[in-house]
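Trainee: Could you show me how to read the features of a model that I have not seen before? I would like to go slowly.

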Amino acid sequence: MKKNHDKIIALIFALGTVFFLVLAFTNNQFFNWAYGRHQNQISWYIRPLFLIPFCYFAYKRSWAGISTTIFLLLTSMFWFPKPEVVSEQVKEFLRMEMDYLLGDWGLTKILITMLVPVSLTALAAAFWKRNLYFGILVMVFIAVAKMAWSVVFGGEAGKSIFIPAIAGLIICIALIYFGYKKMEKR
């Protein structure tokens, strides 16, 4: 019975994620509203921390937990109010990100963007299979790939994500490592 509930909840949040993505890419007003709030760098610092429950739910083999975490991760970009003051570097980076998302989609952009679901799948698989070190390796890859993408496509402005990405990576690795070790002792 529990597995049925897990799959139903997972499906609900997966559909919510699809709805959010469709809304974001088909409704300019919503997209611009969300991106205005995404300028609040608090979301930049908390978003990497979603990898902690993501890994926990993969370890627990909970589709509902994984799906819910992905939904919360995506929507967290607009949880905080639009900041009154935004640095030029942040504005420039987000303009690039918007142009990237709303621009033409060729094979190269599709392949680069597919790294997101592929890397999250690899991360979930690592913890599903209880492989801490592969999971940490995937987390490092995700952070390095995000920073590299940001600089390649955003130039100097792309460096604005370095501190949130590195801080998030360090916190995630530490908490996941100690949490994993504690769960393995049980």
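**Reading the surface, the core and a charged pair**

Mentor: Let us begin with M114, which sits in the loop between helix 7 (107-113) and helix 8 (115-128), where helices are DSSP runs of H or I with at least four residues, numbered from the N terminus. This is a predicted model, in which local features need pLDDT of at least 70 and side-chain atom pairs count only at pLDDT 80 or more, while totals for chains, interfaces and linings use all residues. Residues are numbered from 1 along each chain as its sequence is written, and side-chain values use heavy atoms, with hydrogens and water left out.

Trainee: Is M114 buried or exposed, or in between?

Mentor: Buried means under 20% relative accessible area, exposed over 50%, and partly exposed in between (1.4 Å probe, protein chains only); M114 counts as partly exposed because its relative accessibility is 42%.

Trainee: Which residues touch the most other members of the largest nonpolar core?

Mentor: In soluble globular proteins, nonpolar side chains tend to be buried together. A nonpolar core is a set of buried Ala, Val, Leu, Ile, Met, Phe, Trp, Tyr and Cys residues joined through side-chain atoms within 4.5 Å. Here the largest has 21 residues, of which L51, F54, L123, F127, L132, M139 and I176 touch the most other members. Helix 4 (51-59), helix 8, helix 9 (132-154) and helix 10 (162-185) each supply at least two residues of this core.

Trainee: Where do the side chains of E97 and K146 meet, and how?

Mentor: They meet in a salt bridge (3.3 Å, N to O), defined as a side-chain nitrogen of Lys or Arg within 4 Å of a carboxyl oxygen of Asp or Glu. The pair links distant parts of the chain, with E97 in helix 6 and K146 in helix 9, 49 residues apart.
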